[in-house]
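I opened my notebook today to look up pockets and cores. Here is what I wrote down, entry by entry.

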Amino acid sequence: MRIHHLNCGTMSMGVVDHCLLIETDTGLVLVDTGYGLGCVHDPGRMIGPARFALGAKLIERETAIRQIEALGYEPADVRDIIVTHLDLDHAGGLADFPDATVHVHGPELRAVTKPKTVAERLRYRKQQWSHEPKWLVNESDGGTDWFGFRAVRDLPGLPSEIRVIPLPGHTRGHVGVAVDTGAGWLLHAGDAFYLGSEIDPVRPHAPLIWRLYETGSIVPRAYHANRRRLVELNRAHGGEITIFSSHDPGAFRRLSA
């Protein structure tokens with residue numbers, strides 16, 4: 001497999017929207033979509049007021065579809081999309097790939113269809129999937145072990161080197177996506193943390209601005225518990241696993257290089 005690191009949405013403070021494009025024998029797999037063409041051309045409908053809170057730049061060449069085309073592929077070559085969660089800055093490009101199967105964790109799709117709180121109703125933008133994606137739901141039931149984490153694996157149509165790791169907290173159905181590159185693992189941890197300093201194996205530290213942002217987590221206890229587990233994972237297996245989040249610009253620069 002060949003893996004491309006894409007920034008699909010620059011935001012304020014240099015924050016990125018780190019997505020993965022994975023070349024497999026059966027087609028392309030996209031991990032998150034960032035902002036899509038609809039967000040660029042009609043931000044009021046597709047993003048709403050959150051655009052200003054996030055400081056979204058909305059640059060067309062940064063959309064996943066334009067970057068994939070620049071690599072010489074067609075949008076239809078994206079056969080599968082795995083979403084870490086369905087927040088508006090992670091699922092904004094789903095409509096650009098209407099033929100793709102969208103792998104979503106069951107608790108996340110249930111949070112979207114039956115939100116329990118005002119916070120859940122506000123964080124999702126249903127216009128982003130009004131095209132009725134081909135959802136394929138995965139659950140944590142029966143998952144196998146991955147470095148101490150329960151994993152959903154063997155997603156239909158995807159190679160076994162790609163695994164979904166439930167990491168609830170930021171949202172009810174938030175997951176990470178682990179990829180066996182053959183030379184070590186990558187773990188795209190979505191919004192389970194924000195900066196690499198938060199999972200530093202020696203002195204984990206979250207800057208104040210990100211600690212404030214974390215208060216928006218839907219399940220705070222699970223969020224903090226999973227971040228502690230990621231610190232331990234990094235401490236015990238940092239030589240085997242590269243762990244990164246969606247919005248860390250430093251990690252994106254290193255990995256995309």
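**Entry 1: largest pocket.** I looked up the largest pocket in this predicted model, and its volume is about 360 Å³. My note on terms: on a 1 Å grid over the protein atoms alone, a pocket is an open set of points where a 1.4 Å probe fits, with protein on both sides within 12 Å along at least five of seven lines, and lining residues have an atom within 4 Å of a point. The volume is the space filled by probe spheres set on the points, which are joined across faces, edges and corners. I found 15 lining residues, with Leu 54, Asp 87, Arg 123, His 170 and Tyr 213 nearest the centre. Helix 3 (50–54), helix 6 (118–123) and helix 7 (208–214) each give two or more residues to this lining; helices are DSSP runs of H or I with at least four residues, and strands are E runs with at least two, numbered from the N terminus.

**Entry 2: second largest pocket.** I noted a volume of about 220 Å³ here. Among the lining residues are Met 11, Leu 54, Trp 210, Tyr 213 and His 247. Helix 7 supplies the largest share, 3 residues.

**Entry 3: cores.** Which residues have the most contacts inside the largest nonpolar core? I listed Leu 30, Val 78, Ile 81, Leu 86, Leu 94 and Phe 97, out of 25 residues. Such a core is a set of buried Ala, Val, Leu, Ile, Met, Phe, Trp, Tyr and Cys residues joined through side-chain atoms within 4.5 Å, where buried means under 20% relative accessible area with a 1.4 Å probe, protein chains only. I also found a second, separate core of 17 residues, including Leu 167 and Ile 241.

**Entry 4: ground rules.** Residues are numbered from 1 along each chain as its sequence is written, and side-chain values use heavy atoms, leaving out hydrogens and water. Local features need pLDDT of at least 70 and side-chain atom pairs count only at pLDDT 80 or more, while totals for chains, interfaces and linings use all residues.

Note on methods
Buried means under 20% relative accessible area, exposed over 50%, partly exposed in between (1.4 Å probe, protein chains only).
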